[in-house]
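Q: I would like to learn how to read a model of this kind feature by feature. Could we start with how its strands are put together?

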Amino acid sequence: MIDVIGFLINWLIYFAIYSMLAITLNLESGIGGITNFGKVAFFGLGAYIGALMNTYMLLAISGVDVSKAPPYTAEGVIALTRISISNPALVLGIFILSILVSFTVTGIFGYLLTYPIIRVGAGFVGFTLLSIGEVLRAIYINTEFVGGTYGMLGIPQPFMWINNTLLSNICYLLLSISILALIYIISHRILYSPLGRTLRSIRDDDIVALCLGKDVPKIKSKIFFLTSGLSGVAGTLYASYVSSVNPQMFVMLVTFNVWAMIIIGGSESPVGAVVGALILTLVERLLSLTASFYEYLPFTSDYLRPVIIGLIMTIVLVKYPRGLFPMKPPKITKSIVKDLEGKIS
Amino acid sequence: MNKGASITSGKKLLAFVVIALVIGLAIGYGVGYYTTTLSISQAPAGAERVYTLGVTFALSGAVSSVCVQWTPVVTMAIDDLNNLTKSMGLNIVFKPYILDDASTPDGALKNVQTLYATGVRIVIGPALSSQVKAVKAFSDANKLIIIAPCSNSPAIAIPDYIFRTQPSALRESKALATYAVHEGIRSVVSFHINDEFCNVFAQYFKKYFEESGGSVLYDMAYQAGQADYGSDVASLASWVAKLRPNAVFYCGYDTDGANVLNHAADEPVLRGVRWLTVEGFYGASEILTQKIVDFARATNIIGIRPVPIANPLYDEFVEKLKKYGATPTLCSENVYDAVMIAGLAVLRTGGSSDPEVLRRALIEVAKTYYGPGGWGLFDENGDRLQASFRLWTMAFINGTYQYIDIGYIADSNIVVEKVLG
Amino acid sequence: MEIYRVILCSYVFSWIYILSGLPLTLSYRTTKVFNFAHPVFITYGAYVAIIANEVLGKRINLVTAVLLAFVVGGLVSLITHLLVFRPLSYQRVSSNTYMVASMGLWFIYQYILYIACQILTRKYGANFLSYPTIEYEDVKLVQDALRIGNIPQYIITASLIGVTISIALYILFNKTVLGIALRGTADNVTLAAVSGIPTDRLINLTWFLVGGITALSGVIWVNFSGSTTPDVGLNIVVDNFAAAFIGGLYSLPITAVASIVLALIENTLLAVLNYYFGVQPTIRLAIVFGIVFAILVARPPAGAAGGLPYRFIKRVSKK
């Protein structure tokens, strides 16, 4: 018997986190034209910031000597578990603070990267950002303070103090879904606003936009600040959910999985991003459930899972190259017509 | 406009059909599972009850070459368990549910969540310590028993629902340090993969070796996941030429180990020192080449591994494994012991799914379990205790290149049974 | 400092990166597609040699391996193009779509290889997921004949394949009509088609060559490395992309030079840093990517899509 509720909760939290990444990627790449192949850099940075704050700060404030029991050793982890169960206000407070800090720091990091992005030009932005992702990962591996290759462990889930596992998971799910909804609304509002139209014009031809007087570098940096910050928030949520971070979790493949989500879903609208995330995360889990169907194959049946996912990806794209939910042209409402008429006359 | 609308709705229709198909598949599986495998407590007397043990191994990705050799071990252990239940007249049948986590912590967590959702209450795996850390929170929250066969990280030596059949690196490193001092080795250069398993060994070896009066002159860690380590080996050779240690301490797995040893065999400087190693690449067939075995004999490389002395169960294990088309490799005896201990615990509780009951049964069963990996006894953190270790090397014997055990260490007693030229 | 072996490694890696990086630039130039399945060509080339080695009873010639790998790599590449890229190109899609479609293909190819390895391991006994070095019989004969047995075999293999392919490519692209037609198709498909060049067939040929040449780097690899795994393509392709991007995704000579420079950085520079400055080799990737990042930002490649408008504008005036 399948525990449907448990399955759904676990899947939906992953879905929420990946949707956040997909929506922000869609905003910067599908709409803004910044081909970001380094998404995982911001995701990882947010995860590590969340991990650092939720462990070191928690231990330090509770009076544990961090140099003797750093959060990547057993003593630190035991201390963390003890504190997180007994001090809900502190844990929640630090969690909220870590989300804000993660948004700011990752956002600023993205903002600072806009200089190289603009300098290298549209075709090379992707690879430039990818290199940053790998450099960051190498920094994590070589820094003992963040756990090095060992990574960090014991990051408290902010609702851990609730005795009932189901309830605490549902709370975390609700939190993730609300942040997802917020990000979706922000993305939707930007898309259908003058800023959205400017972004699309920059995506299509930034020289023309420049000639029309749009401050292209500034707009790109503003958008990149926003999307990087939100990716950082997704990273913090992820770190608290998995309760451990490790440099191996933030490899290039993560970025390309998110890319697959937005391309398959439709790269021009947040709906497409969410649908893509839904399909890819769900299909992967459902296929694991069916692994034991094929017991009598001469090889491990779970090898077929990526083959089937690859087939679905390829076939869907060959049939629907613009994705399953490409953006429809925006509705020309009466107010827009009046607005335009006013401007013309 | 109309055509646009029909194309869009056609696409939506296809999307829903695809999603529905996949969901339908899963529901079909769920129904099938329910109707064919009754939950233990509801099974009527006389019906065959199936108990599923979950397995999450890294069957693709970085450590896949080791984990694919574990799957036949799991099959063998399950067969042994089922033979046992048949001979005891019980109608419980064990089944493995094997998933691939691609050597990633994320994959391990997803697999464990999926396994738990299908009702599995004991999971064998994952392989890497980083993966065990990623599943710890889920295991704690849901009281899911996880038996990791190859993790030695001290950071997870915590009393919880995670058990490890790999003995801690502490004792093993100490034994190796004792052997090194006994062999007259006073200075060592340490060379290892930058990964938790080997970093822990290097760290403890250094600690105990320096406590006994030796010194580790230089420690060099090479990055995991690279294709080739030729230049790192050349750097090692430079350091060895400069610092002139008595020995090189090496820790690496089979793929990087074969790469490193193959390059080291070309360096005369590295042939001129002794080499010490742990069980990282034990059993790997790609290392049994003429070039590397020559190098092994020239450097008199001695490894240590946590299989106890005089264990006929281990020899039996190796023989039986041949019928399943596999040879023993890193931690394969731990995999076997993990599955056996899990199965025996299930039998002891009569097929229970209660985590507390299972956990207590596991601890009890382990106290009296002795398998190819030795005594199953767990310490208070759920990690295996191990008292004696085997010394091994590679040689050309009776016409084949092979791994052979040449002696053992128990506490500080070192016995060398074979001396090879 | 023991520099000899480091130089040897740099040399082999230069050829490996050139043989897998040049086709990447070529494929991008012709089709403007980021082919995510590129690592598969390398891996399949290596595994063709491995499987042939096992089937022939562990005795294999370089010539056999090269021919088989070239054909298999070329066919896999061609099938990729015919089944996926060509249908997509008829629909005028964005380049990201190609990229994700090729990513789907990569999953398929990679895991089919894992399945094949598992079945073959059961049949032949050797661990196909970590296969030891392959010695080529005919190269050994050449070594014995010329009495250069003390030079590692992989140097000779890499030199033979590398030099032959380089000369062949040079002659092809500069001296033959076919080659000039290929270059024309790569630069401007429409103009080429209008001039009467059968562009469809030439693009097919380009894909075949891309896959075939890349597979040859796998053939060198199995001769060089103590263990070959299915991840070998992924590890190498990272540097290929770096070299291709430094070459602006356009220039073949700069890609080749960048490949050599990357091989030198990864091997020689890091060995020097380690010996004289105590830098641990764990930051190898950081240094490689850091240098790539620095090169891209300092001198953005003009050509395919360089950052032209902003190089000469100091301040965008606001209205």
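Predicted model: local features only at pLDDT ≥ 70, side-chain atom pairs only at ≥ 80, totals over all residues.

A: We begin with a term: two strands are said to pair if DSSP finds at least two bridges between them. In chain B, strand β3 (residues 122-124) and strand β4 (residues 145-148) run parallel and are joined by three bridges. Within that pair, I122(B) stands opposite I145(B) in β4(B).

Q: What is the order of the strands in the open sheet of chain B, and which are the edge strands?

A: In general, strands of a sheet pair through backbone hydrogen bonds, either parallel or antiparallel. Here the open sheet has five strands in the order β2-β1-β3-β4-β5 (chain B), and the pairing is parallel. Its edge strands are β2 (92-100) and β5 (162-164) of chain B, each of which pairs on one side only. From one strand to the next, the twist averages 25°.

Q: How many bridges pair β14(B) with β13 of chain B, and how many with β15 of chain B?

A: Strand β13 (residues 388-397) of chain B and strand β14 (residues 400-410) of chain B pair in the antiparallel sense over 10 bridges, and in this pair Y401(B) of β14(B) is the bridge partner of F396(B). The two strands form a hairpin with two residues between them, and N398(B) in the turn has a positive phi of about 55°. On to the next strand, β14(B) pairs with strand β15 (residues 413-416) of chain B, again in the antiparallel sense, over four bridges. There V416(B) in β15(B) is the bridge partner of G407(B). This hairpin has two residues between the strands, and D411(B) takes a positive phi near 55°.

Q: Why does I19(B) count as partly exposed?

A: A residue is called buried with 20 or more other C-beta atoms within 10 Å of its own, and exposed with 12 or fewer. I19(B) has 17 C-beta neighbours inside 10 Å, and therefore counts as partly exposed. The residue lies in helix α1 (residues 2-36) of chain B. Between I19(B) and G214(B) there are 195 residues of separation in sequence and 64 Å in space, C-alpha to C-alpha.

Q: Which stretches make up the domains of chain B, and which residues bring them into contact?

A: The domain assignment gives domain 1 (46-167 + 312-375) and domain 2 (169-305 + 388-416) of chain B. Taken over C-alpha atoms, the centres of domain 1 of chain B and domain 2 of chain B are 29 Å apart. The contact takes 14 residues from domain 1 of chain B and 17 residues from domain 2 of chain B. On the side of domain 1 of chain B that touches domain 2 of chain B, the elements giving two or more residues are α2 (64-67) and α5 (129-142) of chain B. By class, that side of domain 1 of chain B has seven nonpolar, seven polar and no charged residues.

Q: How many residues of chain C are in contact with chain B, and which helix gives the most?

A: There are 34 residues of chain C in contact with 35 residues of chain B. On the chain C side, α11(C) gives the most, with five residues. By class, the side of chain C that touches chain B has 17 nonpolar, 13 polar and four charged residues.

Notes:
Residues numbered from 1 in each chain as written. Chains lettered and ligands numbered in written order. Domains from an automatic or database assignment. Contact = placed C-beta atoms within 7 Å. Nonpolar A, V, L, I, M, F, W, Y, C, P; charged D, E, K, R; others polar. Axes fitted to C-alpha atoms, helices over the stretch in contact; angles between N-to-C directions.
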